[in-house]
Amino acid sequence: MDQLERDLLNNLQGGFPICAHPFQVLAERLGYSEDVLIEGVQQLIAKGYISRFGPLFNTEKLGGAVSLAAMAVPPERFDAVADQVNSFEEVAHNYERDDRLNMWFVVLVSDEIALANVLAEISRETGLEVLNFPKEQEYFLELKLEVPE
Amino acid sequence: MNNPVPVPELDEIDEALIRATQSGLPITSTPYGDIGLGIGLSPDEVEQRLQRMLDIGVIRRIGIIPNHYQFGYRANGMSVWDIDDDRIDEMGETIGALDFVSHCYRRPRHLPEWPFNLFAMVHGTSRDIVEAHVAEIRKILGDTVHDHRILYSRRILKKTGLRWRKSKERKCCE
C-alpha cells in the first residue's frame, strides 16, 4: 500500500465534499491532483481495500425495520434450517456462531408488522423458536480503521 | 420496546436518488452531475438533496467504505454483556467509542436463557487480540457487569447488501 492509498483511507471514510468537483476540492486539501485522487480511489476498489465508494445510508431512517434474531438449531438439522432461513429474501445476513444459539440473522423489512410476520413464518417453517433481539438503543461509532505508515 | 424511528419526509425524487447511489457513486470528476444525468436531475438538485439527507441522518456519511477483511481484520467476536439496567446507557456509550468496537447496541434479554443486554462487535487480526480487547471491555465495565460471553462466527451463511425498496411497493406485493 502506498502513501496515496493510505492518505485516501485515512481521510476519506467520511466527509467527501458535496459540490460540482469534489475530487478537485479534496485534491487541494490533500496535496494531490484531481486525476491522481480519482485513479487512487479506483485502484482501492480494484485491489479490494474498499468495498464501496459513496453514501452510507441509515437503513432504518429509510423507513424500514431491522432486527437481529437467533435460533438454537439442532446440529443435525443445521444446514437444512440454514437453507430455509436463507430462502427468505428479507433475511439480509445470516451467521453460524458457536453458542447454543447457533444461528444469528438480520431481517430487513418495510415495517414492524412485516418483521413480526417474517419471524413468525420462519418459526413455523422450521418448527424452532425464534428469539428476537430488536435494537433498543444504538451506541454507534463504526469501526475506525486507521492505516499506519 | 423498540424505539420507533420517525421516518423523515422523503419524496419520490429522493427515492430515485437513493436507488441510484446505494451501490456507489461514479468515481469521476463530477460524480453528482453524472448521477443526475441518469435520473434527470441537475447537479445542483442532486447535491442539495444529498446534503439534506446527510443533515437529517438518512445518510450517515459519504466516502470510502473500507473492506476490513482485506486489512487483516479477520477475527470478529460478538461480545455480549449482562449489565445493570441503570448503568447500561452510560456503559454503552463508553464501549461504543472504543476503536476496536464497530456496532454496539442495547438489546432485550430473553430470561432465563439469555441474560445479556449489551452487544458489542469486537474486531481484531486474531482471536487472541479479540480476547485481549474483550478483557479490556471487562475492565472498563467493572462492577456494572454480571456475566459475559463471546460468540465467534463460524461461517457466513448469507450476506447481501442493502436492498431497499419503498414500503408502498412492498405493500402491493403482499
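## Overall make-up of chain B

The secondary structure of chain B comes to 6 helices and 5 strands, and, read from the N terminus, these elements follow the order α-α-α-β-β-α-β-β-α-β-α. The model described here is a predicted one. Of the 174 residues in chain B, 31% are buried. When contacts in chain B between residues at least 6 apart in sequence are considered, 59% of them join residues that are at least 24 apart.

## The annotated region of chain B

UniProt, in an unreviewed entry, places the feature "domain: Siroheme decarboxylase AsnC-like ligand binding" at residues 70-158 of chain B.

## Helix packing in the two chains

In chain B, helix H2 (residues 31-39) and helix H3 (residues 43-55) have axes that come within 8 Å and cross at roughly 105°. H2(B) and H3(B) are therefore roughly perpendicular to each other, since angles of 65 to 115 degrees count as such. On the H2(B) side the contact is made by Tyr32(B), Gly33(B), Ile35(B) and Gly36(B), and on the H3(B) side by Pro43(B), Glu45(B), Val46(B) and Glu47(B). Sorted by class, the contact of H2(B) with H3(B) has 4 nonpolar, 2 polar and 2 charged residues.

In chain A, H1(A) and H3(A) pack at an angle of about 85°, with their axes 10 Å apart, and that makes H1(A) roughly perpendicular to H3(A). Here Leu4(A), Glu5(A) and Leu8(A) of H1(A) meet Val36(A), Gly40(A), Val41(A) and Leu44(A) of H3(A). The contact of H1(A) with H3(A) has 5 nonpolar, 1 polar and 1 charged residues.

## Nonpolar cores

The largest nonpolar core has 29 residues, and those with the most contacts inside it are Leu8(A), Val41(A), Leu44(A) and Phe53(A), together with Val46(B), Ile59(B) and Ile64(B). At least two residues of this core come from each of helix H1 (3-11), helix H2 (22-30), helix H3 (34-46) and strand E1 (50-57) of chain A, and likewise from each of helix H1 (12-21), H2, H3 and strand E1 (59-66) of chain B. H3(A) gives the most to this core, with 4 residues.

Leaving aside its neighbours within four places in sequence, Leu8(A) is in contact with Gly40(A), Val41(A) and Leu44(A), and also with Ile64(B) of the other chain. Apart from this core lies another, of 22 residues, which includes Phe100(B), Phe116(B), Val130(B) and Val134(B).

## The contact between the chains

Between the two chains, 67 residues of chain B are in contact with 64 residues of chain A. On the side of chain B that touches chain A, at least two residues are supplied by each of H1, H2, H3, E1, helix H4 (88-96), strand E3 (101-106), strand E5 (145-159) and helix H6 (167-173) of chain B. The largest share of this side, 9 residues, comes from E5(B). The residues of the side of chain B that touches chain A divide into 30 nonpolar, 24 polar and 13 charged.

## An exposed position in chain A

Asp79(A) is found in helix H4 (residues 78-86) of chain A. With 12 other C-beta atoms within 10 Å, Asp79(A) is exposed, because a residue counts as exposed when 12 or fewer such atoms lie within that distance. Asp79(A) and Ala114(A) are 35 residues apart in sequence, and their C-alpha atoms are 25 Å apart in space.

Technical notes:
Residues are numbered from 1 along each chain as its sequence is written. Chains are lettered from A and ligands numbered from 1 in the order in which they are written. This is a predicted model: local features need pLDDT of at least 70, side-chain atom pairs count only at pLDDT 80 or more; totals for chains, interfaces and linings use all residues. Axes are lines fitted to C-alpha atoms, for helices over the stretch in contact, and angles run from 0 to 180 degrees between N-to-C directions. Angles under 35 degrees count as roughly parallel, over 145 as roughly antiparallel, 65 to 115 as roughly perpendicular and the rest as oblique. Two residues are in contact if their C-beta atoms, placed from the backbone, lie within 7 Å. Ala, Val, Leu, Ile, Met, Phe, Trp, Tyr, Cys and Pro count as nonpolar, Asp, Glu, Lys and Arg as charged, and the others, Gly among them, as polar. UniProt positions are given in the numbering used here, feature names are shortened, and annotations may be inferred rather than shown by experiment. A nonpolar core is a set of buried Ala, Val, Leu, Ile, Met, Phe, Trp, Tyr and Cys residues joined through C-beta atoms within 7 Å. A residue is buried if 20 or more other C-beta atoms lie within 10 Å of its own, exposed if 12 or fewer, and partly exposed in between; C-beta atoms are placed from the backbone.
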